[in-house]
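Here is a short report on one protein chain. Please keep the sequence and the 3D view open while reading.

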Amino acid sequence: MLAIFYGWGSSEGLKLTVDRLDRFYYRAFKSHMKTVAASSLVSLLGIVCVYGFTDSDADGMDDVWEQVVVDGSADLDSIEDFLAEGDLDLDGVSNKAEFLAGSHPDDFYSGGNVSWPAESIIHWYRTDLVDFNSENQPDGSSLNAWGDVGSAGLAMNQENIDQAPVIENAVFNGQPGIKFDSNDKLLGSVSDVDILTPQIDGFTLFGVFRPDVIPTAKHGALLTNETSKYASANPSGFRMAVTTYGYFSMWSTESGGNLTLACPNDVVAGEPFQFTVRYEGAEPSDLTELYMDGEIVTSLSGKTIIGNKNAFWMNAIGGKQSQVGAWGELIIINRSLSHSETKLVNDYLSGKLLGEGPLAGDRDNNGIPDWAQVEEFGSRLFHPTDKDGDGIDDAWELALLNGPGGEAYSSITQIGAGSDFDGDGMNDLDEYNLGKIASYADADVSIYVDGDNGNDALDGRSAQAGWPDPATGPLLTIGAATNQAEDGQSILLIGSANAYQQSVIKPAGKHLKLRVYGNAVLKGTSID
């Protein structure tokens with residue numbers, strides 16, 4: 001038996017309605033919501049559906065979304081100051097475009113122009129993933145292997161204990177370092193593919209290193225994938241070193257020495273420096289740029305670095321001593337990043353390892369450093385904020401306050417474990433944690449269906465896709481819900497701009513309740 005509440009509609013199909021015409025969307029981590037009033041009803045092919053938001057200043061952006069931005073900005077006093085055509089974070093994307101895209105308009109790192117290049121990282125050697133505090137590898141112990149968490153997975157190894165670097169705790173802004181003396185080196189095994197493929201898409205290389213001494217007799221070796229420049233069967237690659245003049249330098253090693261880049265500023269013993277090489281390719285118009293501490297210091301065009309399949313050496317170049325000092329991190333991207341992407345990675349490294357730059361702090365005061373949020377979520381403001389410390393995201397609470405019924409509350413501090421906004425017997429903290437609809441009495445609902453945002457691969461236990469965990473969220477079809485629901489349970493059908501077109505609903509002998517939130521239409525449906 002399937003009990004359908006609220007009755008039948010017109011010939012377009014089974015029309016399910018509720019006496020509340022407001023509809024509230026909240027997507028975790030997006031600070032983006034929509035509230036709907038009766039005036040927001042529109043007609044789509046003769047089907048009544050609910051979609052819209054409150055926009056008192058008629059700028060095409062939701063008032064609540066704007067208020068969240070205003071409350072977090074020192075440059076805005078009201079939503080009237082927040083202009084649709086403006087660009088609050090100077091990322092080249094207008095405020096209205098960020099609203100429509102779901103990105104944050106006061107965060108350069110969440111706009112459409114830049115994102116964390118996770119899929120392009122071919123090599124990534126991170127000291128923060130070295131288990132330096134375990135009994136097996138305490139501070140000062142030898143490091144025989146440094147794992148690569150990039151796509152190549154090319155670990156750097158050293159079987160000879162006399163040539164292995166050691167682990168040094170709290171070298172880079174509290175992060176460990178990998179310390180080399182003049183004899184130490186690490187070797188990456190020969191790969192089946194080119195270590196770098198600069199002939200095709202270029203590459204971008206980022207490193208953080210602390211030199212303990214400046215070499216006086218020979219250059220101090222940092223990194224290479226070169227072979228002998230006279231070996232025609234194996235083209236040469238590149239070398240990186242700290243020179244006897246105290247410069248950071250990179251050069252290609254094929255015959256003729258096609259490319260040489262050197263920082264005109266001295267590196268200083270005992271002080272970490274950050275370097276970036278951005279190589280576009282070998283065409284005459286292509287640039288090779290050297291950044292030091294996030295700023296371009298020199299560039300050349302039309303110069304060549306030849307890729308190869310040779311071993312990858314850290315702190316080893318033939319005939320040169322290892323540079324004495326400590327590595328903090330090494331990232332190699334298998335393409336030439338845009339300048340915005342390059343800035344993002346540079347800011348990440350300087351915030352993480354040097355404690356400097358725009359990602360060094362915790363802008364949203366959630367206890368997670370901005371650099372960590374950029375890597376994990378793609379934005380330093382992407383993680384929920386909870387300034388009142390009640391376990392509920394502030395934007396979620398603010399959306400309730402500004403929606404229907406919110407006039408009964410004066411502050412987000414009134415919403416939490418001791419409140420029940422919709423009066424359904426479940427407190428608001430539990431509603432948030434379970435992904436319920438806090439403005440609708442759904443405490444007894446077991447399965448959610450959403451024709452716009454659902455997915456039948458989810459478990460149906462939450463109204464919000466991906467919350468509270470990636471496998472949780474609404475189903476897409478009523479058929480999946482009736483199959484999954486157990487006898488006596490309630491299914492909540494969330495109003496959709498699209499008609500639900502389930503040909504046959506089969507409760508299979510189960511007594512189920514089908515309830516509706518918003519307006520929805522079932523077309524061509526029968527109940528078996």
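In which sense do strands β7 and β23 pair, and over how many bridges? β7 and β23 (residues 325-333) pair in the antiparallel sense, over five bridges. Two strands count as paired if DSSP finds at least two bridges between them.

## Basis of the model

This is a predicted model, where local features need pLDDT of at least 70, side-chain atom pairs count only at pLDDT 80 or more, and totals for chains, interfaces and linings use all residues. Residues are numbered from 1 along each chain as its sequence is written, and side-chain values use heavy atoms, with hydrogens and water left out.

pLDDT is the predictor's confidence in each residue, from 0 to 100. The chain averages 77, and 76% of the residues score at least 70. Strand β13 (residues 203-211) has the highest confidence, at a mean of 95. Strand β5 (residues 41-44) has the lowest, at 24. Over residues 1-52 the pLDDT is below 50. Beyond near neighbours in sequence, that stretch has 144 contacts in the model.

## The chain overall

The chain has eight helices and 29 strands. Helices (H or I, at least four residues) and strands (E, at least two) are DSSP runs, numbered from the N terminus. Of the 528 residues, 52% are buried. Buried means under 20% relative accessible area, exposed means over 50%, and partly exposed lies in between (1.4 Å probe, protein chains only).

A contact means heavy atoms within 4.5 Å. Among contacts with a separation of 6 or more, 57% join residues 24 or more positions apart. The accessible surface comes to about 22,100 Å², and 49% of it belongs to carbon and sulfur atoms. Accessible areas come from the Shrake-Rupley method with a 1.4 Å probe; for residues, only the protein chains shown count as cover.

Strand β13 pairs with β18 in the antiparallel sense over seven bridges. β13 also pairs with β23, again antiparallel, over eight bridges. Gly207 takes part on both sides: its bridge partner in β18 is Phe275, and it stands opposite Leu330 in β23.

Phe203, Leu205, Gly207, Phe209 and Pro211 point one way. Thr204, Phe206, Val208 and Arg210 point the other way. β7 (residues 121-126) has six of six residues buried, so it too is largely enclosed by the rest of the structure.

## Nonpolar cores

A nonpolar core is a set of buried Ala, Val, Leu, Ile, Met, Phe, Trp, Tyr and Cys residues joined through side-chain atoms within 4.5 Å. The largest one has 37 residues. Trp146, Met240, Phe248 and Trp327 have the most contacts inside it. Strand β18 (residues 273-279) gives the largest share of this core, four residues. Another core, of 21 residues, lies apart from it and includes Ile333, Leu337, Leu354 and Val374.

Helix α4 covers residues 339-354. At 1.5 Å times one less than the number of residues, its 16 residues should span 22 Å; the end C-alpha atoms are 21 Å apart, which agrees. 13 of the 16 residues are buried, so α4 is largely enclosed by the rest of the structure. Gly355 follows α4 and has a positive phi, near 65°.

Asn346 is found in α4. Its relative accessibility is 3%, so Asn346 counts as buried. Leaving aside neighbours within four places in sequence, Asn346 is in contact with Phe206, Gln274, Thr276, Tyr291 and Gly294. Helix α6 (residues 394-402) is also mostly covered, with eight of its nine residues buried. Trp396 and Glu397 are among the buried residues of α6.

## Backbone details

A cis peptide bond joins Trp467 and Pro468, with omega about 10°. Pro468 lies in the loop between β24 (445-450) and α8 (478-484).

Two non-glycine residues with positive phi deserve a look. Ala170, in strand β10 (residues 166-172), has phi near 55°. Ala170 is partly exposed, with a relative accessible area of 47%. Asp293 has phi near 50° and sits in the loop between β19 (287-292) and β20 (295-301). At 48% relative accessibility, Asp293 is partly exposed.
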